Amino acid sequence: MTDEIKKPAKVQHPMAPKGKKARPPKETSAQAVVSFGNINITSAQFVKAATSLKGLPEERLPMVAFLGRSNVGKSSLMNALMGKKDLVKVSSTPGKTREINFFKVNKTFYLVDLPGVGFAKVNNAKRDQMSEFIREFVEKCKDLKGLVYLVDIRHGGHDIDMETVESIRATGCPVLIVGSKRDKVNQSELAQGLRKIRENFDLDANPLCVSSLKKFGLDYLWERILEALKS
Ligand SMILES: Nc1nc2c(ncn2[C@@H]2O[C@H](COP(=O)(O)OP(=O)(O)OP(=O)(O)O)[C@@H](O)[C@H]2O)c(=O)[nH]1
Ligand SMILES: [Mg+2]
């Protein structure tokens, strides 16, 4: 791992480091508008699930994707960000998300739920196929404006997290590292987790840490996502 590879391609970017059949669209009702800082979520709908680049949504819109190990809380975070309980499928069984799932928000952009990194219970062939697809998606999807990479704050990052982030940075896609499950740690564990993540991912500052359960850190994360979508 050279220093050159570790550095994100676009350091100035706002996000730089300082399965199954498609379900029918599920839309928010007018009463369900939720606000986070500068954004009001007026609509959020599942658009489609893709298992290859050919399966991307026809309507081209900017997108931000969520990645991280299985069970780290990607789908829960997306639900929390969209003010939803169950728009994105969540499960305590790792490996719940198997396809790339696209959710259209405010009819203007997509939030994208990616399958968990390094999930061991699917057979190796399937896993390799999926990680190949994720790599291809990150490399080739021109509308992908950034990637939120979740790391459990209690662990601070495993080898596979650092390897995955390194390979994403090498594609030039901006990555924002975010600690998840903030509610599971006390203050000293939080400080320790933040330090570990900062060191493991070569960050200039402590990462943002969120809790989907307690709705912590969501305003600030939305701010970063909106900045990325505008770039
Ligand atoms: N305490 C707590 N639990 C959480 C939080 N976020 C997610 N969880 C729990 O963690 C488990 C996994 O959450 P998911 O959102 O399905 O995780 P995922 O990363 O999408 O998992 P895969 O789809 O398997 O890759 C579920 O039991 C969630 O309820 C959080 O902020 N706090
Ligand atoms: Mg998931």
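Colleague: Into how many nonpolar, polar and charged residues does the shell around ligand 1 divide?

Modeller: This is a predicted model, in which local features need pLDDT of at least 70 and side-chain atom pairs count only at pLDDT 80 or more, while totals for chains, interfaces and linings use all residues. Residues are numbered from 1 along each chain as its sequence is written, and chains are lettered from A and ligands numbered from 1 in the order in which they are written. Ligand 1 is surrounded by 23 residues, the closest being Gly 73, Ser 75, Ser 76, Thr 97 and Gly 116, where a residue is near if its C-beta atom, placed from the backbone, lies within 6 Å. With Ala, Val, Leu, Ile, Met, Phe, Trp, Tyr, Cys and Pro taken as nonpolar, Asp, Glu, Lys and Arg as charged, and the others, Gly among them, as polar, the shell holds 4 nonpolar, 14 polar and 5 charged residues.

Colleague: Which helix gives the most to the shell around ligand 1?

Modeller: The protein chain has 6 helices and 9 strands, these being DSSP runs numbered from the N terminus (helices H or I, at least four residues; strands E, at least two). The element that gives the most to the shell, with 3 residues, is helix 2 (residues 74-81).

Colleague: Which strands stand at the edges of the open sheet?

Modeller: The open sheet has 7 strands in the order 3-5-6-4-7-8-9, with mixed pairing, two strands being paired if DSSP finds at least two bridges between them. At each edge a strand has a single partner, so one side of it is left without a neighbour in the sheet; the two concerned are strand 3 (44-50) and strand 9 (208-209).

Colleague: Is strand 6 largely enclosed or open, and how many of its residues are buried?

Modeller: Strand 6 pairs with strand 4 (residues 63-68) in parallel over 4 bridges, and with strand 5 (residues 100-105) in the antiparallel sense over 5 bridges. Phe 109, Leu 111 and Asp 113 point one way from strand 6, and Tyr 110 and Val 112 the other way. A residue is buried if 20 or more other C-beta atoms lie within 10 Å of its own, exposed if 12 or fewer, and partly exposed in between, with C-beta atoms placed from the backbone. Strand 6 (residues 109-113) is therefore largely enclosed by the rest of the structure, its buried residues numbering 5 of the 5.

Colleague: Why does Phe 103 count as buried?

Modeller: Phe 103 lies in strand 5 and touches, among others, Phe 46, Met 78, Leu 87 and Leu 111, contact being C-beta atoms, placed from the backbone, within 7 Å. Phe 103 is buried because the number of other C-beta atoms within 10 Å is 24.

Colleague: How many C-beta neighbours inside 10 Å does Asp 161 have?

Modeller: Asp 161 sits in helix 4 (residues 159-171) and, leaving aside neighbours within four places in sequence, is in contact with Arg 69 and Val 151. Asp 161 counts as buried because its C-beta neighbours inside 10 Å number 25.

Technical notes:
Contact = placed C-beta atoms within 7 Å.
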